[in-house]
Amino acid sequence: MGYLLDTNIVSAIFKNNQKVIIQLDNLRTQKEKVFMSAMTYYEIERGFLAVKATRKLLDLENLCNEYQVLLLDDMAIFHKASEIYADLKQKGLPIQDADIFIAATAIIHDLILVSHDSDLLRIKELNASRQSLPSMYP
């Protein structure tokens, strides 16, 4: 099984969070596959563009060479995202669309979602199939 990095984990990489960097290095050493969602890419890139962080934009492109970006090119991701949205709306527990698409990507690709976002704990399939969201933070 591989891993999908949530936006807050990729952001931690850019903030030079050593705990996150060391754990990702450990995964690489163990030959684990680690991916990034296209939504995460979008969230990070738009932030860098907004503040004209040219160097960080180049670093993001380099990071994409390390962690393949999974595109939203499978209708199963959209169907799963729609199911997640409907379930959370019915429960009165909505979360951001980007988080829903990231979670749907993890579920459809059978990946462990690495996040520090407690909102994602509301998505029952993430909990059931992944036991819990692993966190790389203390």
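The salt bridges

Guide: Asp119 is partly exposed, with a relative accessible area of 26% (buried is under 20%, exposed over 50% and partly exposed in between, using a 1.4 Å probe and protein chains only). This is a predicted model, in which local features need pLDDT of at least 70 and side-chain atom pairs count only at pLDDT 80 or more, while totals for chains, interfaces and linings use all residues. Residues are numbered from 1 along each chain as its sequence is written, and side-chain values use heavy atoms, with hydrogens and water left out.

The partner of Asp119 in a salt bridge is Arg122, with 3.3 Å between the closest N and O atoms (the term means a side-chain nitrogen of Lys or Arg within 4 Å of a carboxyl oxygen of Asp or Glu). Arg122 is also partly exposed, at 31% relative accessibility. Elsewhere, Asp25, Arg28 and Glu66 belong to one network, joined by salt bridges that share partners.

The structure holds seven salt bridges. One of them joins the side chains of Glu125 and Lys80, at 2.7 Å from N to O. This pair links distant parts of the chain, since Glu125 sits in helix 7 (residues 124-130) and Lys80 in helix 5 (residues 75-90), 45 residues apart. Helices here are DSSP runs of H or I, at least four residues long, numbered from the N terminus. Glu125 is partly exposed at 30% relative accessibility, whereas Lys80 is buried at 12%.

Asp59 and Arg55 also meet through their side chains in a salt bridge, at 3.3 Å from N to O. These two residues are four apart in helix 4, so about one helical turn separates Asp59 from Arg55. Asp59 is partly exposed, with a relative accessible area of 24%, and Arg55 is exposed, at 55%.
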